[in-house]
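Two packed helices are described by the angle between their axes and the distance between the axes.

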Amino acid sequence: MEYSLFGTDGIRGLVGRHPLIPSSLWAMGEGIGSYLLAKTSHPVMVLGSDTRESCNMIRSSLYGGLWSKNVTIMDVGVAPTPAISFLVQALNADMGIVISASHNPSPYNGIKFFNEKGEKFTETEKLHLEVCMKKAIKKKAHEPHINFESMPSSFYPGLSLYETFVVSLFPDLSGISVVLDCAHGALFDLAERCFRRCGATVLRVLGASPDGHNINDGVGALYPQSLAQAVCESHADLGFGFDGDGDRVMVVNAAGEVQDGDQILACLSMEDALVSGRGVVGTIMSNLGLEQFLSRRSIAFMRTDVGDQKIAEAMQACGWLLGGEPSGHILMHSILPTGDGLIAALCVAHMVLKKSIGFPVFSPVPSVLKNIPLRVLDLLAWPNVKGMIDRTQEQLQGSGRLLVRCSGTEPLLRLLVEGECPDFIQHTADTLEAYFMQVQEHRCKNSVD
């Protein structure tokens, strides 16, 4: 189902462009209020954000529309995305909102939505909310006068509830040393506090000085090189790199080797309580080696489309408790209904300390992943492009796997090639990348001419 506002994970875009402009955001606040009023007469919302400077503008603009509908807002300030999921349930709220663009750079921002169960919005909920917001946007054609200094002088102190909850899960991590990279994001101080309160030795913390513009800027889960170096220099047992809103994590082992979400899933699958249903959910991007590893342990594996919401839906349908993505979204439904990078990191530390699990947990099948700038939105619908993909899949049949998809959060084409022969899959990926770039260049040149 397609949405003009919703993408893979909520609403996201460049700040200053529709819908992330004051008038549209104000109207969206009204639309959200109307959506809630159709369900309850006194709606309560929990709201949080990451560390981007633009969060203040978005917050103030949404406030105007929400206040006009008499929505009670429990604003917890800077908070990781999973904390809002937790607090919606803990505070009996009707909705949760996170102002964040997750792993994207600071010029981007967005809005993520949680229902009263602390779950990401379902397809039906998205559709209903979309209708309400679009109606409000259509009515509000003028630019409202917004005083961006009219923020509340204090925030609701709900984040301490989440911190207490997290620490209670892993009360004894004494004996393990870690390095953290918080991506100058929502976990910039919370991650260190939680690890220390759990008893772990925190040797260094990177990415913990947000200035409103440096979120995800060469740090965190997407850029683990500095973390890997710091782990080696500090002689730490583990390193954990988070993304800007704290729902992703990457692991670095003591040798400075980066371990992705597939390796984390393999590690956590060694905890019987997390695979009580004898199944794990991954995505079409998950490495074939993970599937083979789980199969050897008689654990079923299901693939879904990319997106933690897709994973959550499949987990719920199967009654399974563990799922995740190579990007570091890890879901443990016995703890929270959404992905939580901090809890996943603490759980990995627990597994390494208490069960002597080592990384890498399995040997991945050789793969090449490329992110190709997408300049022509309907590229994959072109007959000649589809033909090229089909021919390549035929060449790989029986010896590898090809996946080509458009990103749901960025103007990128994701290209994944897997197979037993590294040289062959690298050549295949390079050939496809060059072809996609050439086709787009030709199309763009002809459209200008």
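Helix α1 (residues 22-37) packs against helix α2 (residues 55-68) at an angle of about 40 degrees, and their axes lie 7 Å apart. That makes α1 oblique to α2 (under 35 degrees counts as roughly parallel, over 145 as roughly antiparallel, 65 to 115 as roughly perpendicular, and the rest as oblique). Axes are lines fitted to C-alpha atoms, for helices over the stretch in contact, with angles from 0 to 180 degrees between N-to-C directions. Helices are DSSP runs of H or I with at least four residues, numbered from the N terminus.

The crossing of α1 and α2 is right-handed, that is, the near helix is turned clockwise from the far one by less than a right angle. On the α1 side, the residues in contact (heavy atoms within 4.5 Å) include Trp26, Met28, Gly29 and Gly33, and on the α2 side they include Ile58, Leu62, Gly64 and Gly65. By class, this contact of α1 with α2 has nine nonpolar, six polar and one charged residue. Ala, Val, Leu, Ile, Met, Phe, Trp, Tyr, Cys and Pro count as nonpolar, Asp, Glu, Lys and Arg as charged, and the others, Gly among them, as polar.

The second pair is helix α6 (residues 190-197) and helix α11 (residues 341-355), packed at about 30 degrees with axes 11 Å apart. α6 and α11 are therefore roughly parallel to each other, and their crossing is right-handed. Leu190, Ala191, Cys194 and Phe195 of α6 meet Leu342, Ala345, Leu346 and Ala349 of α11. This contact has eight nonpolar residues, no polar and no charged ones.

Residues are numbered from 1 along each chain as its sequence is written, and side-chain values use heavy atoms, leaving out hydrogens and water. In this predicted model, local features need pLDDT of at least 70 and side-chain atom pairs count only at pLDDT 80 or more, while totals for chains, interfaces and linings use all residues.

How values were computed. Helices (H or I, at least four residues) and strands (E, at least two) are DSSP runs, numbered from the N terminus.
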